[in-house]
Amino acid sequence: MKVLRAAWRALRALAHVLRGLWIIRTEFGRLTPDACALLVREWSRGMLRIMGVALEVRGSAPTSGPMLLLANHISWLDILVMNAACPVRFVSKADVKHWPVLGALITGAGTILIERESRRDAMRVVHQMAEHLKGRDLIAVFPEGTTGDGRSLLPFHANLLQAAISTHAPLLPVALRFVDGDGRISDAPLFVGETTLVASIWSTLRADGLTARVTYGHPELAEGRDRRSLARDMQQAVQALLDQPVS
């Protein structure tokens, strides 16, 4: 029964993705940014429902920018979950544009893509982020640079934080966690190590009682800190959110 249910979810999810691509191509060009953000939020929440993933939000989601959100990274599902809680513009590794179907959706939604191995490209992205922050956007990054196990953090890379320092924009720590029906940490959505994208998606579709939890911390200004010390402090802030009781 799990296999049949997962297959049905997969078919509905594919149809929902195709609908999302159609919306991007036909609606985004003529709508206001606020209207686009509302569409992104409702589409993302719809996808979570289709996949059987509940959404739980703790703390206060930001209501306006400029602000740079820094979150731990667990899964391909993270972007979807954060957009369901509060639509933001993401900075993501350029590899995502090659993901089947999802890549076109992610890039079509205005994600800023970065070649992480290129220092020159990092500088380009910092300038692009700064322009969006000056335009009062909400921008989200995964400063670990790759996915982890959802229990502990990898060191935060500091380069992209320069955009918030340069524009005097506040930074907001965000903790992501997936829990099962018993309130324990779930490994179903993990996309780490040798796990393939397809395997991670299938594991998520098969899961029972999966909840995505988004916990927002408190915004901070750089207040004279350089990007490296700021990265360390923000890593500690996200870890403190992760250390909160699971249930």
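Tutor: First, the ground rules. This is a predicted model, where local features need pLDDT of at least 70, side-chain atom pairs count only at pLDDT 80 or more, and totals for chains, interfaces and linings use all residues. Residues are numbered from 1 along each chain as its sequence is written, and side-chain values use heavy atoms, with hydrogens and water left out.

Student: How far is the sulfur of cysteine 36 from the closest cysteine sulfur?

Tutor: A disulfide is a pair of cysteine sulfur atoms within 2.5 Å. The closest sulfur to that of cysteine 36 belongs to cysteine 86, and it is too far for a bond. The separation is 15 Å.

Student: How many disulfides does the rule give?

Tutor: Cysteine 86 is in no disulfide; its nearest cysteine sulfur is that of cysteine 36. The count comes to zero.

Student: Is cysteine 86 buried or exposed?

Tutor: Buried means under 20% relative accessible area, exposed over 50%, and partly exposed in between (1.4 Å probe, protein chains only). Cysteine 36, at 12%, is buried. Cysteine 86 has a relative accessible area of 6%, so it is buried.

Student: How are helix 1 and helix 2 oriented to each other?

Tutor: Helices (H or I, at least four residues) and strands (E, at least two) are DSSP runs, numbered from the N terminus. Helix 1 (residues 2–26) and helix 2 (residues 33–51) pack at about 170°, with axes 9 Å apart; axes are lines fitted to C-alpha atoms, for helices over the stretch in contact, and angles run from 0 to 180 degrees between N-to-C directions. Angles under 35 degrees count as roughly parallel, over 145 as roughly antiparallel, 65 to 115 as roughly perpendicular and the rest as oblique. Therefore the pair is roughly antiparallel.

Student: Which residues of helix 2 make the contact with helix 1?

Tutor: Contact means heavy atoms within 4.5 Å. Helix 1 contributes residues including Arg9, His16 and Ile23. From helix 2 come Leu39, Trp43, Gly46, Met47, Ile50 and Met51.

Student: Where is arginine 136, and is it buried or exposed?

Tutor: Arginine 136 lies in the loop between helix 5 (119–134) and strand 5 (138–141). Its phi is positive, about 70°, although it is not a glycine. With a relative accessible area of 54%, arginine 136 is exposed.

Student: What is omega for the peptide bond from glycine 65 to proline 66?

Tutor: Proline 66 sits in the loop between strand 1 (53–58) and strand 2. The bond from glycine 65 is cis, with omega near 5°.
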